[in-house]
Amino acid sequence: MKFYYLDFSALLVMLILLSVLFFKRMIRGDINRYFLLLLCVSIATTVADVWAIMLDNGVIEGGETAKYIAHSLYLFLHNATTPLFIVYCTALTDTWVVGKYRMIKKILFWLPLVTIYVLLLFNGNSQKMFYLDANGAYTRGPWFGMLYLITGIYVVYGIGKVIRCWIYFDIGRWVALFSGIGFMLIATVIQFFHKELRIEMFSGALALLFILLMVHRPEEMIDNETGLLTQTAFKNLMFRSEKRNKLKKIIVFSVTNYKKTHAKYRYEQEIVLGRGIADIMTGYTEMFKERADVYHIGSGRFAMVAKAEEPSINVVNVARQLNETLSKPFELDNTEVYFEPNICVIQFLKDIQDANTLMHFIEDLGGTGKTDDVIFARDTFKQERYDILTEIDDILEDAIKNKKFKVYYQPIYSVEEGCFRTAEALIRLYDDKYGFIPPDLFIPAAERSGAILEIGDIVLEQVCEFISSEVYKKLGLHYIEVNLSVVQCMHEGMVGNIMELFDKYHIRSTDINLEITETAVSDGQEIMDRNINDLFNEGICFSLDDFGTGYSNMQRIASLPLSIIKIDKTIVDDAGKLSMQIVIENTVKMIKALGMKIVVEGVETEQQLNQFISLRCDYIQGYYFSKPLPKDDFVTFLMDKAS
């Protein structure tokens, strides 16, 4: 009598795992597909085993033919699970066979399994693998041990592969894979000596559960919003490729206006847009004979990775078609949504040599303006910029410790008074190794690390010290504008820190005007609102910076104690277009109606200057008058203009 209750338990566990895979949409990418294949074969094996046992025990009726088919099907499926597990490990580590002996190596790998299948196919005549005795009972034949021998070969190969690939796993994954193999080995030994105990499939189910939770890790593999592979999965693939010196051809899609669209739409609408992009990019993978995997890297960035080192289709052609498709408007709730895509072709390990730099490069793509054609990393990648990014935390720590941050000042022209009455304070960083480091590199890094709080204090202190000086009093400036980051606005101690500096340098609240960005105020935050209102009650005025780059919720803006709106340079650059002129004229009227003053940023030509003066804007800032200047040069500039 054989016991099949453990098989039913195994079947239940594996069906739950199958439902998890489909519920989590874990069906894209080689790793997911091969795990799904391994799970489905294991389920089919368990069903065949239950069928065979129930026939043997007489629970269900069936003749010798049914018994023979059931046992043959079980052996066919069961012997495929070990090589499929090896294939899964290969996908997990991206260690596919390459080179001119690729086909020979593949044949050698599958030959033992093919041998088993040939023996099983001809078993009806030879009766060497198994047979039904005179009583119709299943009996192992003289060659049955070959099944264990060949399975043993695969097990040894699999163990060797896991050992060889240990550098691609953290210790938890490595132990989990070995544990899964251990479960199966123990169960196989038990069932060999006690064939009535059908424990193999239950052990296999436990091994699959263990691997799913500890190795596969659904939360790391699949992005719930888009159903694509995650940033973590992409990073792991790139690190493995770097270690194996394996070239990868990548197409990266980056939404350059992501912040604007992110601020404008509700979470549910963003999900729809993200899935729309995912479907388009996944559709284009069919153009590759070897297929490609698509990853959602976050913050409006997606990556398509061709499987083969030398894809059969031209990657550039796919990139250009993607660029054309993704530049077209999306339909969302009966409105058209326009993305500003940058499509970049990267040959990893040829254009960019390491995974960390690659991730920095992809992150940087979203900060550049839209280009009409495909970008090539070989043309745009500048090693020094990404060397800086890999060292930026150390650079910032050194700059804070050794006081390497300097405040520059850009004068702001008063249209009404016909002279310079204010200026904006801008932080600059000079590093001994790299020279001047652009703010677009170190500011985001400082916000991520939290160093922006210390940098903000440095800027405020230098500005307060300047305002308290005798030379400042001779310049005739009304105030200095100082930028606040989102991190600063959300800091509980911000108000106290600012007021302490005012007291230390004996300056008035009206001597400084604080700037906050439109993106920062697009979503109300209790701490931010409280900080802004507390500072306003202390007599400090606020400007809204970058107006026009985010979602302009005028009800939200009108609820804040703002004195000045700063129109962003991106609007100024398009001011020559007739349609934009209408938008600008109405925007200026609306801001004036709210009782706020207007600063126009990024003015570079006389035509732009005259256009905004004619609209009765209050202040003009830009390279037309001056670039940001060190303090001493700024003082000299203003004194020369005054004389």
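A crossing of two helices is left-handed if the near helix is turned anticlockwise from the far one by less than a right angle, and right-handed if clockwise. By that rule α18 passes α21 in a right-handed crossing. The model is predicted, with local features needing pLDDT of at least 70 and side-chain atom pairs counting only at pLDDT 80 or more, while totals for chains, interfaces and linings use all residues. Residues are numbered from 1 along each chain as its sequence is written, and side-chain values use heavy atoms, leaving out hydrogens and water.

Helices here are DSSP runs (H or I, at least four residues), numbered from the N terminus. Their axes are lines fitted to C-alpha atoms over the stretch in contact, and angles run from 0 to 180 degrees between N-to-C directions. The table sets out two helix pairs.

| Pair | Angle between axes | Axis separation |
|---|---|---|
| α18 and α21 | about 25 degrees | 10 Å |
| α10 and α14 | roughly 140 degrees | within 9 Å |

Angles under 35 degrees count as roughly parallel, over 145 as roughly antiparallel, 65 to 115 as roughly perpendicular and the rest as oblique. Helix α18 (residues 452–467) and helix α21 (residues 494–505) pack at about 25 degrees, which makes α18 roughly parallel to α21. Contact (heavy atoms within 4.5 Å) involves Asp457, Leu460, Glu461, Cys464 and Glu465 of α18, and Asn497, Ile498, Leu501, Phe502, Lys504 and Tyr505 of α21. For classes, Ala, Val, Leu, Ile, Met, Phe, Trp, Tyr, Cys and Pro count as nonpolar, Asp, Glu, Lys and Arg as charged, and the others, Gly among them, as polar. The contact of α18 with α21 holds 6 nonpolar, 1 polar and 4 charged residues.

The axes of α10 and α14 cross at roughly 140 degrees, so α10 is oblique to α14. Residues of α10 in this contact include Phe234, Met238 and Phe239, and those of α14 include Leu358, Met359 and Ile362. By class, the contact of α10 with α14 has 7 nonpolar, 2 polar and 2 charged residues.

Helix α14 (residues 355–365) is mostly covered, with 9 of its 11 residues buried (under 20% relative accessible area; exposed is over 50%, partly exposed in between; 1.4 Å probe, protein chains only). Among the buried residues of α14 are His360, Phe361 and Asp364. At the start of α14, a side-chain oxygen of Asp354 comes to within 3.3 Å of the backbone nitrogen of Asn356.

Asp223 sits in the loop between α9 (218–221) and α10 (231–244). Asp223 counts as buried because its relative accessibility is 15%. Leaving aside neighbours within four places in sequence, Asp223 is in contact with Arg25, Leu228, Thr230 and His296.

Methods:
Helix = DSSP H or I, 4+ residues; strand = E, 2+ residues; numbered from the N terminus. Polar contact = N/O pair within 3.5 Å; in protein donor to acceptor, adjacent residues only side chain to side chain.
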